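Here is a friendly tour of a structure with its sequence alongside. Take a moment to look it over before reading on.

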Amino acid sequence: MVAVAAVATLAWLAAYGLVLLVTRSAAPVPGPPTMDLGAEPPAVVNLLANRWTRPDEDAAEATLLDLAARGFFAIRQPSADAAHSTIHVAAGPRGDGALLPFERRVLDRVRAAAVGGAVPLTALTFRDEKQATGWRRRFDAEVVAHARRLGLSRPRIGRTTRTVLGATALVPSVAIAVAVALWIETTATAEEKGGGWASMVVTGAILMSIFGYVAGRYRGERDTPAGQAAASYWLGVRSWLAAHETFEDLPPAAVAVWGRYPAYGAALGVSPAATAAIDLGMGSKHLVWSAHGGRWHRVRVRYPRFFDRYGQPTAALVKGGLIRVGLGLAGLALARHLPGGGVAVAAVLGALLLCWGGYRLARAAVDHHTPAEIVGEVLWVSVWRTTSGGEDRPAVPWLHHLAVDDGTSDRTVAWGLPSAWAARTSPGDLVRLRARRWTRRVVSLEVLREGGGARLHRGFATTDDTHDLVRAALGERRAPAAARRSATGRAAALLTPDEVARAVGVPVRVREVGPLHALYERADDGGTVLLVQFHQGRVAKLFWPAARAGTPVVGVGDEAYVREAAGAVRKGDAFLTVALHRTGRAAAPHLPWLLGQAAARL
Amino acid sequence: MTFDPLVVTVVAVAVVAVVAVVWAVRTFNRLVRQRNQVRASWAQVDVQLKRRHDLVPNLVETVKAYAGHERTTLEAVLSARAGALAAAVSPDVDQRARAEDQLGLGLGRLLALGEAYPNLKASQTFTQLQAELAATEDRIAYARQFYNTAVQSLDNSVHSFPGLLVAAAAGIRPATYFQASAAEQAAVAIRF
């Protein structure tokens, strides 16, 4: 049976490999060199030039140049260095209704980043990995969808082939499952007989899921006859552009003279200087653009790391100081009773600990009573310190780095933001914070004005499947769950299973019970660990007084409360309650963090 | 181990000669590539200019239907087109540029008649031809840019040392820029 299972598996894998082999796009034959541009937008041209794999990073940059060439904004280069170029968004409204979805996405990104109508070309980078990945995936999906609409591209593995592959996966799955069952049955003792057949069902189901995942996974695009003809034409354009030596040195601002040619040059990979000056990916957290004070400038950020005092509340510092003082006094007392050289060692150690503890207590007292108040633009938010996780308890962040530009210097040092508040702000926000200088701990945070980037990219998830995103862009299905969250505010979308799992320490799955309730259950035995209820509008107004019971949690939502194993948070006219059940009660200390995460999505 | 000085000298000279030949061949190939690019770019300019020439008769006929008594302007355009067609066979780029400038000016005056004759301005044929001419003018402008950048690349190679040695030996000469006249630069009427 093992041999049958092996043969069935190999046969299925061979069939899958054959499908991949025959669905490869043929290399298009370059057409004659020509300077006449076709009708396809640069991002689609990039897809074709990349042999239908998927658009590369030049596609978004080419779209940016194309929008500039079409007058949606201007790119100016004030010095010889193209990296110093700035984008100036047109003051008046411009008819952008006819823009394609991916073009609008780039334009929205530029408009969101612009301050006073201007933004440095290198300030378009993202400050959040999830946002960068989510934005890019959606852009790619919209480009692919448009190429399909034009008949230039199609899914590499069609629906019929996927269905056949999925159905035939039953053969190796059953064969392996039967082989496993037979092996268990033959090796089992008399009392254990029969267990193999039960495991056969489980093994078969798991294997079907795996084979199904492999068969259904998005493998990119493939050519069509029309796509081959278009690609051939555009390779002719590439030959024409590549033959002009000056073209490879054109900066982004050259769109003012060359119109759409640099955009197509970027899409076809023959304008490296133009694309090198543009970056729509992830930015550096050490050198960050800030527009605080109405002037764009770069701020060098240092992130403190080593000393254990960073981020600690005063109580913890006092406790540490008292322990050191106590140990120091004990050392000094012990020194009297020690013989010989031990006296000096104990005395020195005791004195050192005493001084250290005293210094710590004094600094903690000064730090506590002299907090700094800062108003500035948030530059970066990232995890700094996490709790030490255990075998069945994942590490949970308790402190975040918060870099803020207060406009006084081009250098700054990040503060320590309690993780429960991390979801309240994002880069670009104007905030007022009070913080202790010695411990770098933020003690209060108020968002004065939300940044444009936060509104634009809220709800992105890196787990979104490309295949689903393309179908959503084609209008064949609703937008993926991540994109729906902010729109509908469903209970299940307010906390991810991953976040709940981190809090309760075991893998969980979420089950929607209507639009207002979500049950989080253990993945192993299905036991409920958390119940989330969501209310909005008049109903929320009616029930909130009953929900606001327990200890107030400062800085989470508009107001939040936690009790023994439950909590509630309100933001605007919506609120949610969370209640821990059974083994989930162990996550009670993390309730403020969970409420903070949920509040960010309310 | 010792080497015969004569052998060392011969080997050194041979190596230098091989390097020089390889360099000369590469430089020559580059110059030829650049010269071909100038020719290809000029061919594109030619294509776009011919497109403009082809538009002129239709445009003149359309204008004639609404403003037939503007004989002077119509004849000037037709005359300029004839001059441009005659210059098209000439290898002299400057002569061609001058002829095209004249045609551009004439077309500018012809299109300006649309302002004086509302019926002409409202004519769908006139509007279509106007748009087509505007697109053609854009193509001509870009074709000229491509041509001039190709000429510039060739010029840089031909005039810089040591490329000029190979260029002189191979008889490769710099090409002439296709200059836009001041009048044409100001002829925004055709660019809309």
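## Chain A as a whole

In chain A, 67% of the contacts with a separation of 6 or more are made by residues 24 or more positions apart, where contact means heavy atoms within 4.5 Å. This is a predicted model, in which local features need pLDDT of at least 70, side-chain atom pairs count only at pLDDT 80 or more, and totals for chains, interfaces and linings use all residues. Residues are numbered from 1 along each chain as its sequence is written, chains are lettered from A and ligands numbered from 1 in the order in which they are written, and side-chain values use heavy atoms, with hydrogens and water left out.

Chain A contains 21 helices and 20 strands; helices (H or I, at least four residues) and strands (E, at least two) are DSSP runs, numbered from the N terminus. Taken along the principal axes, the box filled by its C-alpha atoms is roughly 95 × 85 × 65 Å. Of its 602 residues, 48% are buried. Here buried means under 20% relative accessible area, exposed means over 50%, and partly exposed lies in between (1.4 Å probe, protein chains only).

The chain carries 71 positive and 50 negative side chains, with the centres of the two sets 5 Å apart. Lys and Arg count as positive and Asp and Glu as negative, while His and the chain ends are not counted; each charge is placed at NZ of Lys, CZ of Arg, CG of Asp or CD of Glu.

Let us zoom in on Val106(A), which sits in helix α4 (residues 101–113) of chain A. Val106(A) is buried, at a relative accessible area of 1%. Beyond its neighbours within four places in sequence, Val106(A) touches Ala60(A), Thr63(A), Leu64(A), Leu67(A), Trp135(A) and Phe139(A). Leu207(A) is 101 residues away from Val106(A) along the chain, and their C-alpha atoms are separated by 41 Å.

Glu221(A) belongs to strand β5 (residues 221–223) of chain A. This residue, too, is buried, with a relative accessible area of 3%. Leaving aside neighbours within four places in sequence, its contacts include Ser25(A), Trp52(A), Val144(A), Arg148(A) and Arg156(A). Between the C-alpha atoms of Glu221(A) and Ala540(A) there are 47 Å, with 319 residues separating the two along the chain.

## Salt bridges

How many salt bridges does a search of the whole structure find over all chains? The search finds 19, a salt bridge being a side-chain nitrogen of Lys or Arg within 4 Å of a carboxyl oxygen of Asp or Glu. Side chains of opposite charge can pair when their charged atoms come close.

| Pair | Closest N to O |
|---|---|
| Asp308(A) and Arg360(A) | 3.5 Å |
| Glu559(A) and Arg570(A) | 3.1 Å |

Asp308(A) and Arg360(A) form a salt bridge. This pair links distant parts of the chain, 52 residues apart: Asp308(A) is in the loop between β7 (297–302) and α13 (314–335) of chain A, and Arg360(A) is in helix α14 (residues 342–369) of chain A. Asp308(A) is partly exposed at 42% relative accessibility, while Arg360(A) is buried at 7%.

Glu559(A) and Arg570(A) also form a salt bridge. Here strand β18 (residues 559–562) of chain A supplies Glu559(A) and strand β19 (residues 566–571) of chain A supplies Arg570(A), 11 residues apart. Glu559(A) is buried, with a relative accessible area of 19%.

In chain B, Lys64(B) and Glu61(B) both lie in helix α1 (residues 5–66), three residues apart, about one turn of the helix. Lys64(B) is partly exposed at 40% relative accessibility, and Glu61(B) is partly exposed at 48%.

Back in chain A, a network of salt bridges links Asp66(A), Arg70(A), Glu103(A) and Arg260(A).

## Chain B as a whole

Chain B has seven helices and zero strands. Its radius of gyration is 25 Å, well over the 16 Å that the globule rule gives for 192 residues, so chain B is more spread out than a compact globule. That radius is taken over C-alpha atoms, and the globule rule is 2.2 Å times the number of residues to the power 0.38. The C-alpha atoms of chain B fill a box of roughly 100 × 25 × 25 Å along the principal axes. Buried residues make up 40% of the 192 in chain B.
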